[in-house]
Amino acid sequence: MVQYQDATLDRVFGALADPTRRKVLESLGEGSLAVSELAEPHGMSLPGFMKHLRVLEDAGLIARNKEGRVVSCELSAAPMKAAAAWMSRYEKFWTDKLDALARYLYQQEELQTWKQPALPKSPRSPSRAATPSGRKRSGARGPTRRR
């Protein structure tokens, strides 16, 4: 069973599980934006959108700043780096396993080519002259005679 040092990684992956939140992070990759600018392309109510921002903030993926009446958000990359480091360990594990499988399958293919029996030759006439084929029969019924 895998034990985590803390629940930060769970919150990061939970936040990244939603496509709306991933799009918000993409938008913030270009720079800090006001909440109203972030919410506009998503076509949802502001309270509904604020719930998405709260999940991202709880995961540590964004930071909110308030200047006067304008609340803006900016991307915080540290939790993403931790998630990427966690995934890279498993990427190496699966890459090694898939490479081993590919080597095994290649060896099996090589063994099969050595074990295949020679194909029997079809009996042929010793002469090289073309042999005329027999008369072909029609599948349709021919005309009948009247009696």
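Visitor: Where is H52 found?

Guide: H52 is found in helix 4. Keep in mind that this is a predicted model.

Visitor: What makes H52 count as buried or exposed?

Guide: Its relative accessible area. The value for H52 is 13%. Buried means under 20%. So H52 is buried.

Visitor: Which residues is H52 in contact with, leaving aside its neighbours within four places in sequence?

Guide: They are D18, T20, R21 and M44.

Visitor: Where is M44 found?

Guide: M44 sits in the loop between helix 3 and helix 4.

Visitor: Why is M44 called partly exposed?

Guide: Its relative accessible area is 32%. Buried needs under 20%, exposed over 50%, and partly exposed lies in between. So M44 is partly exposed. Setting aside residues up to four places away in sequence, M44 touches T20, F49 and H52.

Visitor: How do helix 2 and helix 4 pack?

Guide: Their angle is about 75°, and their axes are 10 Å apart.

Visitor: Why are helix 2 and helix 4 called roughly perpendicular?

Guide: The label covers angles of 65 to 115 degrees. The angle here is about 75°. Helix 2 and helix 4 are therefore roughly perpendicular to each other.

Visitor: Which residues of helix 2 and helix 4 meet?

Guide: T20, R21, V24 and L25 come from helix 2. Helix 4 brings F49, H52, L53, V55 and L56. Sorted by class, this contact has six nonpolar, two polar and one charged residues.

Visitor: Which residues touch the most other members of the largest nonpolar core?

Guide: L53 and L56 do, in a core of 17 residues. Helix 1 (8-16), helix 2, helix 3 (35-39) and helix 4 each supply at least two residues of this core. In soluble globular proteins, nonpolar side chains tend to be buried together.

Visitor: What does L53 touch, not counting residues up to four places away in sequence?

Guide: L53 touches V24, V35, L38, I62, R64 and C73.

Visitor: What is the order of the strands in the sheet?

Guide: The order is 1-3-2, in an open sheet with antiparallel pairing.

Visitor: Why do strand 1 and strand 2 stand at the edges?

Guide: Strand 1 (33-34) and strand 2 (62-67) each have a single partner strand, so one side of each is left without a neighbour in the sheet.

Visitor: How do you know that strand 1 and strand 3 pair?

Guide: Count the bridges. Pairing takes at least two. Two bridges join strand 1 to strand 3 (residues 70-75), so the two strands pair. A34 has S72 in strand 3 as its bridge partner.

Visitor: What packs on the sheet?

Guide: Helix 2 (residues 19-28) does, touching strand 1, strand 2 and strand 3. Its direction makes about 90° with that of strand 3. Helix 4 (residues 46-58) packs on the sheet too, touching strand 2 and strand 3.

Visitor: How many bridges join strand 2 to strand 3?

Guide: Six, and these strands run antiparallel. R64 has C73 in strand 3 as its bridge partner. Strand 2 and strand 3 form a hairpin with two residues between them. In the turn, G68 has a positive phi of about 70°.

Visitor: How many helices and strands does the chain have?

Guide: Five helices and three strands. From the N terminus on, they run α-α-β-α-α-β-β-α. Of the 147 residues in the chain, 17% are buried.

Terms used: Residues are numbered from 1 along each chain as its sequence is written. This is a predicted model: local features need pLDDT of at least 70, side-chain atom pairs count only at pLDDT 80 or more; totals for chains, interfaces and linings use all residues. Side-chain values use heavy atoms; hydrogens and water are left out. Helices (H or I, at least four residues) and strands (E, at least two) are DSSP runs, numbered from the N terminus. Contact means heavy atoms within 4.5 Å. Axes are lines fitted to C-alpha atoms, for helices over the stretch in contact, and angles run from 0 to 180 degrees between N-to-C directions. A nonpolar core is a set of buried Ala, Val, Leu, Ile, Met, Phe, Trp, Tyr and Cys residues joined through side-chain atoms within 4.5 Å. Buried means under 20% relative accessible area, exposed over 50%, partly exposed in between (1.4 Å probe, protein chains only). Angles under 35 degrees count as roughly parallel, over 145 as roughly antiparallel, 65 to 115 as roughly perpendicular and the rest as oblique. Ala, Val, Leu, Ile, Met, Phe, Trp, Tyr, Cys and Pro count as nonpolar, Asp, Glu, Lys and Arg as charged, and the others, Gly among them, as polar.
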